[in-house]
Amino acid sequence: MDKTTILWADDEIELLKPHVLFLNSKGYDVLTAVSGDEAIDIVKENKNISAVLLDENMPGLTGLETLTRIKQLQNELPVIMITKSEEEYIMEDAIGSKIADYLIKPVNPNQILLSLKKNLDNKRLVSEKTNTEYRKEFAQIGMRLSDNLNWEEWADVYKKIVYWELEMDKAQDKSMIEVLKMQKADANTQFFKFIEKHYINWLNGKETAPTMSHTLLKNKFMKELDKNESVFLIVIDNLRYDQWKMIQPSVNDYFITESEETFYSILPSATQYARNAIFSGLLPSEMEKRHPYWWLNDEDEGGKNMHEEDFLQAQLKRLGKDIKFSYNKITNLAAGKKLADNISNLLQNKLNVIVYNFVDMLSHARTDMEVIRELADDEPAYRSLTVSWFEHSALLDIIKQLANKKVRVVITTDHGTVHVKEPSKVVGDRNVNTNLRYKQGKALDYNPKEVFEVKNPSDAFLPKQNVSSRFIFAKEDRFFAYPNNYNHYVNYYRNTFQHGGISLEEMIIPYITLQPK
């Protein structure tokens, strides 16, 4: 095995020969320097140096000056500062200059070895540990999937799968990532059967149901309005649980996560149905019946989510909450910045609702724009792109302001999205809706084994536009494709992110309560 080359710069390097020999025995080739100038020359001449051990107090160039020059030559080169001084300003200067570690003399060989391993072998050690731990849990998850899980247990299984997805992203072991993908696919197969068996019973009160879109505000959020302070409800459209876990560290710079729960999106797991259900507290056919002027069916022309504020006001009144509230829908950066500038004026309201549409736009852009396809060509990249957006968004600016003003915040979503790979053929007339994960119409032809079919929409509290209307929902990672121009259609939509059907990602979604730090 090739030795790892490191540089150790210390004016008393001769006294450190036992340490150098110890590192040699552990697989490190140690180059030595007795001054900052010599260390810089060695870094210039050797491009294969993996780390630098740097004495802070040397004659001539100081350790901090040497550190700055080395970083100018190779910014990513890890530098471990070693010093006799415990003065705080030296530590702060070194940390500010992006040192990898800071050791106080006298150092023993094991301290140095640990620091080198932490900085040079970190990825390998993390990967090995992650793989070992996942192998242990793989069997446990597999056994749970064969059990008769309830809705709480399914949420727990999904959270575990997401945890390992995020850990595998860091570990970058392709073989183990493939194993996890297969286990997730198996989980979605079993989850589809679970939803097929229980969903309609939940809606009709024949079984104990989880909190769902139409019961979210009543079951979880209304208790926030019983508290004295103002509260902000932020609904980030199309935010999966794994995407929440990715942006959570940025949020936690300003807020403490008080509780992290999940709930179930209704079907279709699409904005028109799920988000209207959240704000109205009603299922789709109930919205159509009670508020015919606000509800539009798939076949109707016009925006399908134009009356969320009206739905919310009607629900608040029904629940006896006579409060002052605001509703803001953000669909672009300019609108987000404008709202951020106006936050102070909203604090007089008991409730402020912000619907932020970026993640939904991202998933659609991922389908339609080649550049976004390339930036987010798989699940880890899609998660990463979400983080990049969030960290530069007006939404994060709004969250910072709310933390400074000590305002309580709830973050949630209307549905998730799934990475689709396999087509399911469907035939329908020109009035069939365009969504790739659910279809509704009166003349649908499909393979019943590949869908959850609702032959009588009223059973699932869905609008019945014609006597023979029915709904079908795609399972697992499937998407609906028409026979006409089939190959082109399949190639265009395969490996895109879609919503509306039945999967863990689309239906089990986050509900987060935040307390300002």
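Trainee: To start with, how far apart are the mean positions of the positive and negative charges of the protein chain? And after that, where is arginine 408 found, and what does it touch?

Mentor: Keep in mind that this is a predicted model. On the charges, there are 66 positive and 76 negative ones in the protein chain, and their mean positions lie 6 Å apart. The C-alpha trace spans about 90 × 55 × 40 Å along its principal axes, and the secondary structure comes to 21 helices and 19 strands. If you look at contacts between residues at least 6 apart in sequence, 74% of them join residues at least 24 apart. The accessible surface is about 23,700 Å², with 49% of that belonging to carbon and sulfur atoms.

Now zoom in on your spot. Arginine 408 is in strand 10, which covers residues 408-412. Is it buried or exposed? Arginine 408 counts as buried because its relative accessibility is 4%, and the cut-off for buried is under 20%. Its side chain makes a polar contact with the side chain of glutamate 224, at 2.9 Å. Leaving out residues up to four places away in sequence, arginine 408 also touches Lys227, Glu229, Ser230, Val231 and Phe232, among others. Glu258 is on that list too, and so are Leu514, Gln515 and Pro516.

Technical notes: Residues numbered from 1 in each chain as written. Predicted model: local features only at pLDDT ≥ 70, side-chain atom pairs only at ≥ 80, totals over all residues. Heavy atoms only, no water. Helix = DSSP H or I, 4+ residues; strand = E, 2+ residues; numbered from the N terminus. Contact = heavy atoms within 4.5 Å. Areas by Shrake-Rupley, 256 points an atom, 1.4 Å probe, with all protein chains shown as cover. Lys, Arg positive; Asp, Glu negative; His and termini not counted. Charge placed at Lys NZ, Arg CZ, Asp CG, Glu CD. Buried < 20%, exposed > 50% of the residue type's maximum accessible area, 1.4 Å probe, protein only. Polar contact = N/O pair within 3.5 Å; in protein donor to acceptor, adjacent residues only side chain to side chain.
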